[in-house]
Amino acid sequence: MLPLQDPLPILQRAGQTGQLLEQLSSQQAVCAATAPLPMTGAEMRDRGWDQVDVVFVSGDAYVDHPSFAMAILGRILEAAGFRVGMLSQPDWRSCEAWREFGRPRLFYAISAGNMDSMINHYTANRKVRNDDAYSPGGRIGLRPDRATLAYCQRAREAYRGVPVIAGGVEASLRRLAHYDYWGDKVRRSILLDCKADLLAFGMGEELILEIARRLDAGQTPRELRDMRGVAYAMGASETPPEDALTLPSYEDVLADKMAFARATKMIHNETNPYNARRLIQWHDRQAVVANPPTLPISEGSMDAVYGLPYTRRPHPSYSEPIPAFEMIKDSVTIMRGCFGGCTFCSITTHQGRIIQSRSRQSVQAEVTALAADKEFKGVISDVGGPTANMYQMRCVRPEVEAVCRRQSCVHPTICKLLGTDHGPLVQLMQDARETPGIKQVFVASGIRMDLARRSPQYMRELTQHHVGGHLKVAPEHTDPHVLNQMRKPANDDFEAFAEIFKKESKRANKKQYLIPYYIASHPGSDLGAMIDLAIFLKQSGYRPDQVQDFIPAPFDVATAMYYTGVNPFTGKPVHIARHLRDRKLQRALMQFFKPENYFEVRKALEKAGRQDLIGGGCDCLIPAQPPREAIEERRRKAHASQEGRYVHAIDGKNDSPENKNRRQSRNKPGAGYRPTRPSARKGDGSEGGQRRRRKK
Ligand code: SF4
């Protein structure tokens with residue numbers, strides 16, 4: 001096995017890795033669109049191909065737009081000369097679909113899609129969602145639960161010996177032992193269940209290209225174990241690398257919550273690509289190894305990625321709209337990564353905390369191309385990324401950045417070494433809105449308010465030109481203790497931002513408002529904290545129309561808090577709203593003004609001993625008497641809970657003709673309930689009853 005470099009050579013290589021992608025860059029900043037990649041064997045043959053090199057399997061619909069990882073990775077491989085087949089939302093019940101393109105020459109690339117399949121399928125209350133934004137028509141049921149497992153297994157069945165590489169958010173966040181909220185247990189590394197040869201974590205452009213090139217050159221998946229950004233499972237007889245940091249084993253984290261918290265802290269301390277160490281976690285006699293993350297890609301590589309010839313449309317075979325595409329079709333991504341390090345968010349873990357930005361020319365070329373599109377209506381819905389205002393920001397001292405192990409560059413305070421110049425972003429926004437054919441450019445990505453306040457010029461530009469009546473912001477909570485657990489700035493920060501926003505909107509003579517987003521039931525949040533939040537909302541006049549419930553996603557620090565009840569970084573206990581009834585109360589408090597929440601809010605206030613907030617006073621959250629709508633809603637819920645089918649059958653489970661006959665046979669004479677049967681109840685006047693009575 002090739003050894004990984006020590007920190008210094010890795011730092012010096014930072015700009016070089018980008019060359020792998022920059023070689024793909026075409027003459028133009030944004031290429032003219034070409035046909036989408038083939039989704040069927042027929043489309044493959046239409047291209048004159050008899051085989052593909054890579055089959056990309058995804059749980060999402062195939063949308064050839066750079067907001068979708070599947071499109072980016074497919075186009076990169078295509079640009080490098082590889083033939084790629086896109087197997088989108090295949091029927092996983094058999095491996096037949098995996099044979100659509102024949103045997104792939106190099107490998108199967110497997111992804112559950114843009115989201116973890118369990119988050120995609122279930123709500124925070126573990127109920128099945130009604131729709132799937134990444135499927136045509138928003139239909140559910142087009143991908144299985146834990147899609148990575150099913151897809152990898154089908155790939156193995158389809159063609160033995162073809163390497164299987166798992167990637168995407170689901171595989172990334174489950175690469176080591178993790179807490180799974182939906183099963184309410186600690187699961188082992190996904191590698192051991194899906195049996196992939198390699199797992200590629202983080203952003204995969206350079207990875208997939210290097211994997212394809214090295215497999216094409218005749219290397220085996222085992223020889224790729226020296227790459228950054230990959231994890232792999234070793235055989236029981238193999239010797240693990242000696243330079244790795246050993247995490248508490250799967251058996252330890254399963255048995256001991258404190259070991260789980262320790263493992264979480266160790267994993268998150270090894271996320272800076274410049275100083276991260278290789279990690280090993282034993283699962284019985286097998287070691288799972290996770291190499292350090294990939295280095296950030298250069299500006300040239302970012303331009304190359306976003307300059308590929310996307311059609312910016314779903315594959316033409318789809319007849320129904322794809323909700324996620326409808327939302328982002330007119331948006332422009334300008335950067336990736338986030339140095340916020342919020343404990344409930346996976347972006348820093350997945351995309352990295354070092355910001356990778358496109359050049360001004362590349363963004364402008366995409367805006368110009370968009371303006372020339374016949375279907376474009378002149379309004380860019382978003383210019384942003386994971387965060388709207390981190391464009392081209394980074395640590396001003398690369399030598400310090402290379403050894404830094406802080407979890408966030410902006411919490412508890414903004415690091416004095418962080419460059420926070422908004423100038424390049426302001427320039428970008430000006431360029432975009434002045435482009436011929438562009439009527440309006442909005443900012444819809446989340447704004448980091450503590451940074452935005454540092455730039456009066458940015459605040460002015462934003463409020464004057466880029467807000468469509470409402471600006472969504474995410475203060476997430478008001479309680480200092482909860483905000484600290486989240487690694488979010490204090491509520492004063494939001495209030496100061498709101499003040500500036502109001503002033504600038506008035507100056508621009510515009511009526512526009514903030515829509516703050518808050519999370520209920522986050523670790524640390526108890527009823528008292530939520531009541532304080534409700535009081536703040538009432539006093540400030542905010543009425544959130546949506547409630548976000550905390551979802552413990554795999555790998556997050558907040559998830560470790562939820563599972564263990566302690567903050568892994570401080571070791572201090574954290575309050576957890578674990579039961580559904582507690583979560584319901586927290587959710588209701590956030591929308592205390594809704595009549596249908598009256599009884600829940602009242603219960604919460606009584607439970608917390610805050611009856612002073614019930615009544616007619618101007619400080620009260622709810623009136624003393626329930627409004628009519630609240631009573632009607634309670635009645636409706638009571639009726640709904642009593643409604644039911646009194647048939648002992650499960651829909652769809654017994655629809656085979658054989659079972660149908662069996663069910664019908666219960667209605668035939670001599671079957672099912674008969675008053676004359678021997679077991680008929682005593683005293684029912686039936687023959688059986690009379691017989692039993694006679695016996696007695
Ligand atoms: S030194 Fe400060 S700005 Fe630089 S990486 Fe560390 S926290 Fe971020």
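Strand S20 (residues 470-476) runs parallel to strand S21 (residues 513-520), and five bridges hold the pairing together. Within that pairing, Leu471 sits opposite Leu514 of S21. On to the next neighbour: S21 is also joined to strand S22 (residues 548-549), again in the parallel sense, through two bridges. Here Ile519 has Gln548 of S22 as its bridge partner. Put together, this gives an open sheet of three strands in the order S20-S21-S22, with parallel pairing. S20 and S22 are the edge strands, and each has a single partner, so one side of each has no neighbour in the sheet.

All of this comes from a predicted model, so a word on confidence is in order. The mean pLDDT of the chain is 88, with 88% of its residues at 70 or more.

A second sheet is built from nine strands. It is open, with mixed pairing, and its order reads S3-S1-S4-S5-S8-S9-S12-S11-S10. The edges are taken by strand S3 (84-88) and strand S10 (245-246); each has a single partner strand, so one side of each is left without a neighbour in the sheet. Further in, strand S8 (residues 198-200) and strand S9 (residues 230-233) run antiparallel and are joined by two bridges. Ala200 is found opposite Val230 in S9. Asp284 has a positive phi of about 60°, even though it is not a glycine.

Turning to the helices, H12 (residues 257-268) and H24 (residues 557-564) have axes that come within 10 Å and cross at roughly 170°. The two helices are therefore roughly antiparallel to each other. On the H12 side, the contact is made by Lys257, Met258, Phe260, Ala261, Thr264 and His268, while H24 supplies Val557, Ala560, Tyr563 and Thr564. By residue class, the contact of H12 with H24 splits into six nonpolar, three polar and one charged.

Then there is the ligand. The residues around the ligand are Phe339, Cys395, Val400, Glu401, Cys404, Arg406, Cys409, Cys415, Leu417 and Leu418. Eight of the residues in this shell are nonpolar and two are charged, with no polar ones. Also worth a look is the peptide bond between His411 and Pro412, which is cis, with omega at about 5°. Pro412 belongs to the loop between helix H17 (398-401) and helix H18 (423-433).

Notes. Residues are numbered from 1 along each chain as its sequence is written. This is a predicted model: local features need pLDDT of at least 70, side-chain atom pairs count only at pLDDT 80 or more; totals for chains, interfaces and linings use all residues. A residue is near a molecule or strand if its C-beta atom, placed from the backbone, lies within 6 Å of it. Ala, Val, Leu, Ile, Met, Phe, Trp, Tyr, Cys and Pro count as nonpolar, Asp, Glu, Lys and Arg as charged, and the others, Gly among them, as polar. pLDDT is the predictor's confidence in each residue, from 0 to 100. Two strands pair if DSSP finds at least two bridges between them. Helices (H or I, at least four residues) and strands (E, at least two) are DSSP runs, numbered from the N terminus. Axes are lines fitted to C-alpha atoms, for helices over the stretch in contact, and angles run from 0 to 180 degrees between N-to-C directions. Angles under 35 degrees count as roughly parallel, over 145 as roughly antiparallel, 65 to 115 as roughly perpendicular and the rest as oblique. Two residues are in contact if their C-beta atoms, placed from the backbone, lie within 7 Å.
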